[in-house]
Amino acid sequence: MREADTAPKLDVSIALAAEADDGDFVATVVDLINQVYADAEKGLWLDGANRTGPAEVTALIRAGELAVARMGGLLVGTARVHRLATGEGEFGMLTASPQHRGLGIGRELVAFAERWARERALPRMQLELLVPQTWRHPDKEFLRDWYTRMGYREVRKSRLDEAYPELLPFLATSCDFVVYHKSL
């Protein structure tokens, strides 16, 4: 039998508002996100830069914007989902536990985000992918191909320092962010 055939059922839902007050849960979410991004964005950020912190995660949970994936009650993935002012749905901060890769966690989180947007009658889903300007990052190349296979298409590219100037001091290399859309 394959590992996926014997793994506990994957449950994806919006984190409960009460979980914002659970310091252990918030710390677990922060640790997972920062662990995954430290690996997936190695070389893009200066050493010691974290993707998120407790205040941001707590705010996302309170806003009903944090989707969590659990297997047997264990947190194994996250994604932020929200409505943009322009009328699209957007997901980001997509993570799958490195110890549980290959079980479809990322794909299920994207499917959940797309369902979430459809339930709100949003016409498109958007995501942003951070990429270095002068070299190819293997994880970013993988993600670009993966999102493309799921129907996402590049709609624009912008310089990260122009769109998010507050992040410039933390960058180890010049980066762009590529915006992808998928019609729902």
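**Aromatic pairs.** I searched the whole structure, a predicted model, and found 5 aromatic pairs. I looked up the one between Tyr-164 and Phe-177: the pair is tilted, with 5.4 Å centre to centre and 55° between the planes. I note that this pair links distant parts of the chain, 13 residues apart. Tyr-164 sits in the loop between helix H6 (160-163) and S7, and Phe-177 is in strand S7.

Phe-177 counts as buried because its relative accessibility is 7%, under the 20% limit. Tyr-164, at 27% relative accessible area, is partly exposed.

I also found one aromatic cluster, formed by Phe-91, Trp-146, Tyr-147 and Tyr-152.

**Nonpolar cores.** Which residues touch the most other members of the largest nonpolar core? I get Phe-91, Leu-94, Leu-109, Tyr-147 and Tyr-152, out of 31 residues. Among the elements that give two or more residues to this core are strand S4 (89-96), helix H4 (105-119) and helix H5 (138-149). H4 gives the most, with 7 residues. Apart from this core I see another, of 17 residues, including Leu-32 and Val-68.

Leaving aside neighbours within four places in sequence, its contacts include Phe-91, Tyr-147, Glu-114 and Lys-182.

**Second largest pocket.** I read about 240 Å³ of space here. The lining has 15 residues, and Val-131, Pro-132, Glu-141, Arg-144 and Lys-157 are the closest to the centre. S5, H5, strand S6 (153-159) and S7 each give two or more residues to the lining. By class, I have 7 charged, 6 nonpolar and 2 polar residues down for this lining.

Definitions and conventions
Residues are numbered from 1 along each chain as its sequence is written. This is a predicted model: local features need pLDDT of at least 70, side-chain atom pairs count only at pLDDT 80 or more; totals for chains, interfaces and linings use all residues. Side-chain values use heavy atoms; hydrogens and water are left out. A nonpolar core is a set of buried Ala, Val, Leu, Ile, Met, Phe, Trp, Tyr and Cys residues joined through side-chain atoms within 4.5 Å. Buried means under 20% relative accessible area, exposed over 50%, partly exposed in between (1.4 Å probe, protein chains only). Helices (H or I, at least four residues) and strands (E, at least two) are DSSP runs, numbered from the N terminus. Contact means heavy atoms within 4.5 Å. On a 1 Å grid over the protein atoms alone, a cavity is a set of points where a 1.4 Å probe fits but cannot get out, and a pocket is an open set with protein on both sides within 12 Å along at least five of seven lines; lining residues have an atom within 4 Å of a point. Grid points are joined across faces, edges and corners, and a volume is the space filled by probe spheres set on the points. Ala, Val, Leu, Ile, Met, Phe, Trp, Tyr, Cys and Pro count as nonpolar, Asp, Glu, Lys and Arg as charged, and the others, Gly among them, as polar. Rings of Phe, Tyr and Trp (its six-membered ring) pair if their centres lie within 6.5 Å; planes under 30 degrees apart count as stacked, over 60 as edge-to-face and the rest as tilted.
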